[in-house]
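Trainee: I have a new structure open and would like to learn how to read it. Could you walk me through some features?

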Amino acid sequence: MAAPMLRWVGRGRRWTFARVDGGSCHRRGAPTGSTSNRIRGQSSVAQQPLYTTQKPRKGEHKWAAVVGLEIHAQISSNSKLFSGSQVRFSAPPNSLVSFFDASLPGTLPVLNRRCVEAAVMTGLALNCHINKKSLFDRKHYFYADLPAGYQITQQRLPIAVNGSLTYGVCAGKKQRQVIPKTVRIKQIQLEQDSGKSLHDDLRSQTLIDLNRAGVGLLEVVLEPDLSCGEEAAAAVRELQLILQALGTSQANMAEGQLRVDANISVHHPGEPLGVRTEVKNLNSIRFLAKAIDYEIQRQIDELENGGEILNETRSFHHQLGCTMSMRDKEGKQDYRFMPEPNLPPLVLYDATSLPAGADPQQVINVDQIRETLPELPRVTRERLVQEYGMLLEHSFTLLNEVGLLEFFQNVIKETRAEPKKVTSWVLNTFLGYLKQQNLAVSESPVTPSALAELLDLLDSRTISSAAAKQVFEELWKREGKTPGQIVSEKQLELMEDRGLLEQLCHSVMEAHPQVVTISGRGKGQSHLQSQPQDTPKSLAITLCGSPEALPKNDWPSFIYNSLIVIFLVKVMDLKEGNPRAINKLIGLVRKATQSRADPAMIKEILEKKLSL
């Protein structure tokens, strides 16, 4: 039997793409389909200017952008903030709803201890001051998926205040330099989540799912110390890693466990702050950066074209890559905040203020929680750099990719290879294959044990680097074979017989005399002296690789001869030590051995034979 659905009688919301001036998307279209309403309410972020967002064109004034974030993280707990209902993603609609969640008369809230501990732990990790006494308030507003008509939050006195979050932004030509930056945290507060509204445009109705109603949230309010989408994305990603390391939130944005509202304005430095807009419910770090950068440019274009910025709430359409107006905020909404009468003040203790004989199950000790804090991402990165000698940007990559650090550490435990070699293979080869196939680390067909065995074979010089890549490619095919079995079946073992390798080198040199001519420079030979049959044209053919690469004979003779001279100059450069020719010989020998020969040994033999 299907789970019951609550219907909101009335017109469903219909989203239409309208023409928006000043840089917004210029498209008209049909309804977008169902959307879900998440956290609503007026922003509490005060704005302050910080960085310049773009390099101005000649003759223009600089613009400064101000970006503040409100981040809502779903607390990892078995039950909701004020009821015993279970918390589970993708449960059947309205199957996890208690009487209190549905706001039936006579029901009272019971505070979840786990949620309070998660808030304290998060505040400590973010360098916040933990208030020993905090208060709960009612924030009144009407919406169909908020059956009580108010949300229980902490407006007046939140549980944690005045913190900071340090994050890194990549810079430099190749984005390899990490610049540390810090954003201030205004407050962290506990509050309820709302339900979920599903708008059915075809039937002009809205369906309500209250499974999410009453789930515990941590609202982290950042001061407006950010200036662009890249900084905002880096800060949110760092916060996401911290929450996951603490275990206070899974922070899975795809499942709505981490949602971001961005407040954005632009102004000329030295002038009053501009009117801000709020972009709501951003549930992807990539979309967060795109939405902020788009909105900054939209506001700049609007102002430069003589328009004005409206104080409004906007949404980001990821397919069109633009923000769209949802509702204006010119008329300030009165939320009629009032103390929550059914919840006493939340009192916390530390080692000095803990009452004698207090029941540990009835009190929360801040100092005890502080002692249980795990290693935070910043400390983990520092440890990786010191312990394995890797670059700082490599440590960021290991932590930013979900599951990659654990994979790396498991490989390190099982292999004898140097950490730098493991780092290179994990970040370049392994991660490259994952991105090419659009797979998560958990979906990889190559296990840490298999990669460790492959690196051991490479480290013991059983196989060459080229053969190792062949083995890795075979491992990726999910055939269930070990690296050792693949090496044995395909006969990829490194050739150790120097005599046999010398014979192969000799055979390759005899089969390619023109390359040998270019590579060799014997004593008493002039640069252009080579074998008797060599002519300018034959040397040019050797350099080009084939006669077809040469200019046609029907070209004017002076052009043809000039090109031949240019080729001969290149030949002289080769004779002066350009490694291209000898590298070609090395490649030919390796091809003959199916990449089983050591390139260093091949080069040594060839140089001896050529007397280079």
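Trainee: Let me start with strand 7 and strand 8: how many bridges join them, and in which sense do they run?

Mentor: The general idea is that strands of a sheet pair through backbone hydrogen bonds, either parallel or antiparallel. In this predicted model, strand 7 and strand 8 run antiparallel and are joined by eleven bridges. For one place to look, find Ala160, which stands opposite Ile188 in strand 8.

Trainee: What about strand 8 and strand 11: how many bridges do they pair over?

Mentor: Seven bridges, again in the antiparallel sense, between strand 8 (residues 177-192) and strand 11 (residues 216-222). You can check two positions here. Leu190 stands opposite Leu218 in strand 11, and Gln187 has Val221 of strand 11 as its bridge partner.

Trainee: Which sheet do these strands belong to, and in what order do its strands come?

Mentor: They sit in an open sheet of nine strands, ordered 3-7-8-11-2-12-13-14-15, with mixed pairing. To find the edges, look for strands with a single partner. Here those are strand 3 (129-130) and strand 15 (322-328), so each has one side left without a neighbour in the sheet.

Trainee: Which helices lie across the strands of the nine-stranded sheet?

Mentor: Let's take two of them. Helix 1 (residues 113-125) lies across strand 3, strand 7 (160-171), strand 8 and strand 11, and runs at about 155 degrees to strand 8. Helix 2 (residues 229-246) lies across strand 2 (64-74), strand 7, strand 8, strand 11 and strand 12 (258-267), at about 120 degrees to strand 7.

Trainee: How many residues of helix 1 are buried, and which are they?

Mentor: Ten of its 13 residues are buried, so helix 1 is largely enclosed by the rest of the structure. Among them are Cys115, Val116, Met121 and Leu124. Its length can be checked too: at 1.5 Å a residue helix 1 should span 18 Å, and its end C-alpha atoms are 19 Å apart, which agrees.

Trainee: And helix 2: is it mostly covered or uncovered, and what follows it?

Mentor: Helix 2 is mostly covered, with 15 of its 18 residues buried. After helix 2 comes Gly247, whose phi is positive, near 80 degrees.

Trainee: How many residues lie between strand 9 and strand 10 in their hairpin?

Mentor: Four residues, and one in the turn, Ser204, has a positive phi of about 50 degrees. Strand 9 (residues 196-200) and strand 10 (residues 205-209) pair in the antiparallel sense over five bridges. His199 stands opposite Thr206 in strand 10. When you read a strand, compare its faces: in strand 9, Ser197 and His199 make up the covered face, while Lys196, Leu198 and Asp200 make up the uncovered one.

Trainee: What is the order of the three-stranded open sheet?

Mentor: The order is 6-5-16, with antiparallel pairing. Its edges are strand 6 (150-153) and strand 16 (338-339), each with a single partner strand, so one side of each has no neighbour in the sheet. Two bridges join strand 5 (residues 137-140) to strand 16, and Asp137 has Pro339 in strand 16 as its bridge partner.

Trainee: How do I read the packing of helix 9 and helix 11: at what angle do they pack?

Mentor: Helix 9 (residues 448-459) and helix 11 (residues 483-490) pack at about 50 degrees, with their axes 9 Å apart. That makes helix 9 oblique to helix 11. In the contact, Ala450, Glu453, Leu454 and Leu457 of helix 9 meet Pro483, Gly484 and Val487 of helix 11. By class, five of these residues are nonpolar, one is polar and one is charged.

Trainee: Finally, how many helices and strands does the protein chain have?

Mentor: The protein chain has 17 helices and 17 strands. Of its 612 residues, 47% are buried.

Definitions and conventions:
Residues numbered from 1 in each chain as written. Predicted model: local features only at pLDDT ≥ 70, side-chain atom pairs only at ≥ 80, totals over all residues. Heavy atoms only, no water. Axes fitted to C-alpha atoms, helices over the stretch in contact; angles between N-to-C directions. Parallel < 35°, antiparallel > 145°, perpendicular 65-115°, else oblique. Contact = heavy atoms within 4.5 Å. Nonpolar A, V, L, I, M, F, W, Y, C, P; charged D, E, K, R; others polar. Pairing = 2+ DSSP bridges. Buried < 20%, exposed > 50% of the residue type's maximum accessible area, 1.4 Å probe, protein only. Expected span 1.5 Å × (residues − 1).
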